Amino acid sequence: MHFTRSHKLTANTTRNVTVHIFQIGCRGLGRLGFEKFTDKEKYFPEDLVFEGVCEKDFEHRENAESFAEAADVELEFYNSVNELYDAAKRVEGEVLIYDAGPVKRHSNHIQRSLSNDFHHLSEKPPSLDRSEHIEERKLAAEHDVHYKVDFIERENPVIKKMVEILEDEKINDIKIFRQSSTGVQRLLQ
């Protein structure tokens, strides 16, 4: 299964664009993103090439390498974010940096991606203070690429229904428990 995304150039012509994905971090939600990218044909209707990952923690990196090998996916593994960005600069086509690394580095990575004309998807929060956020917005306005933040629960039907039900209620305390269905999906497939 192979899909391409078309961009209109004129009224009569289109061009196919390959999106090259580089990932920072494979822990927590990053592990889930990594698993989706290694099986990209099932989940993404685009021409995607999952290029590589930077994961500094030995155990998480080893797990990611084993998972990629089992999925028969060839990836580069980088020892540093600098190596990852250097590799991303060498590819032709669109680049997307998926940032599941440490929160304290998200803003720096976003700014670096925008400065290199790379698209950027970050786990939340993208920045820790207002000055970082302002700098991200300035760079986004100056470059023809986008950065987005994955607010995973914003589109969750359960959360939407809860907000609807509780809209007029005064809430003093709330406890939330969340469980992933990724394991169940694998068993059923």
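Reader: By its relative accessibility, does Ser113 count as buried or exposed?
Author: This is a predicted model, in which local features need pLDDT of at least 70 and side-chain atom pairs count only at pLDDT 80 or more, while totals for chains, interfaces and linings use all residues. Residues are numbered from 1 along each chain as its sequence is written, and side-chain values use heavy atoms, with hydrogens and water left out. Buried is taken as under 20% relative accessible area, exposed as over 50% and partly exposed as in between, with a 1.4 Å probe and protein chains only. Because its relative accessibility is 0%, Ser113 counts as buried.

Reader: In which helix does Ser113 lie, and which residues does Ser113 touch once those up to four places away in sequence are not counted?
Author: Helices (H or I, at least four residues) and strands (E, at least two) are DSSP runs numbered from the N terminus, and Ser113 lies in helix α5. With contact meaning heavy atoms within 4.5 Å, and with residues up to four places away in sequence not counted, Ser113 touches Tyr85, Ile97, Phe118, His119 and His120.

Reader: How are α4 and α5 oriented to each other, roughly parallel or roughly antiparallel?
Author: Axes are lines fitted to C-alpha atoms, for helices over the stretch in contact, and angles run from 0 to 180 degrees between N-to-C directions. The axes of helix α4 (residues 81–89) and α5 come within 12 Å and cross at roughly 20 degrees. Angles under 35 degrees count as roughly parallel, over 145 as roughly antiparallel, 65 to 115 as roughly perpendicular and the rest as oblique. The two helices α4 and α5 are therefore roughly parallel.

Reader: Which residues of α5 meet α4, and how does that contact divide by class?
Author: From α4, Val81, Asn82 and Tyr85 meet His109, Arg112 and Ser113 of α5. Ala, Val, Leu, Ile, Met, Phe, Trp, Tyr, Cys and Pro count as nonpolar, Asp, Glu, Lys and Arg as charged, and the others, Gly among them, as polar. By these classes, the contact of α4 with α5 has two nonpolar, three polar and one charged residues.

Reader: What is the handedness of the crossing of α5 and α6, left-handed or right-handed?
Author: The axes of α5 and α6 come within 9 Å and cross at roughly 15 degrees, which makes α5 roughly parallel to α6. A crossing is left-handed if the near helix is turned anticlockwise from the far one by less than a right angle, and right-handed if clockwise. For α5 and α6, the crossing is left-handed.

Reader: How do the residues in the contact of α5 with α6 divide by class?
Author: On the α5 side the contact is made by Ser107, Ile110, Gln111, Leu114 and Ser115, and on the α6 side by Glu132, Glu135, Glu136, Leu139 and Ala140. These residues divide into four nonpolar, three polar and three charged.

Reader: How far apart in space are Gln111 and Ala140, C-alpha to C-alpha?
Author: Gln111 has its place in helix α5, and, leaving aside neighbours within four places in sequence, Gln111 is in contact with Glu132, Glu135, Glu136 and Leu139. Gln111 and Ala140 are 29 residues apart in sequence, and their C-alpha to C-alpha separation in space is 8.5 Å.

Reader: Which residues of α3 meet α1?
Author: Helix α1 (residues 29–38) and helix α3 (residues 58–70) pack at an angle of about 20 degrees with their axes 10 Å apart, which makes α1 roughly parallel to α3. The crossing in which α1 passes α3 is right-handed. Phe34, Glu35 and Thr38 in α1 meet, in α3, Ala64, Phe67 and Ala68.

Reader: What is the omega of the peptide bond from Lys124 to Pro125?
Author: Pro125 is found in the loop between β7 (119–123) and α6 (130–142). The peptide bond from Lys124 to Pro125 is cis, with omega near -10 degrees.

Reader: How does Asp72 count by relative accessibility, buried or exposed?
Author: Asp72 is placed in the loop between α3 and β5 (76–78), and its phi is near 60 degrees, a positive value in a residue other than glycine. Because its relative accessibility is 70%, Asp72 counts as exposed.

Reader: What is the relative accessibility of Asp117?
Author: Asp117 lies in the loop between α5 (106–115) and β7, and the phi of Asp117 is near 60 degrees, a positive value in a residue other than glycine. Asp117 counts as partly exposed because its relative accessibility is 42%.
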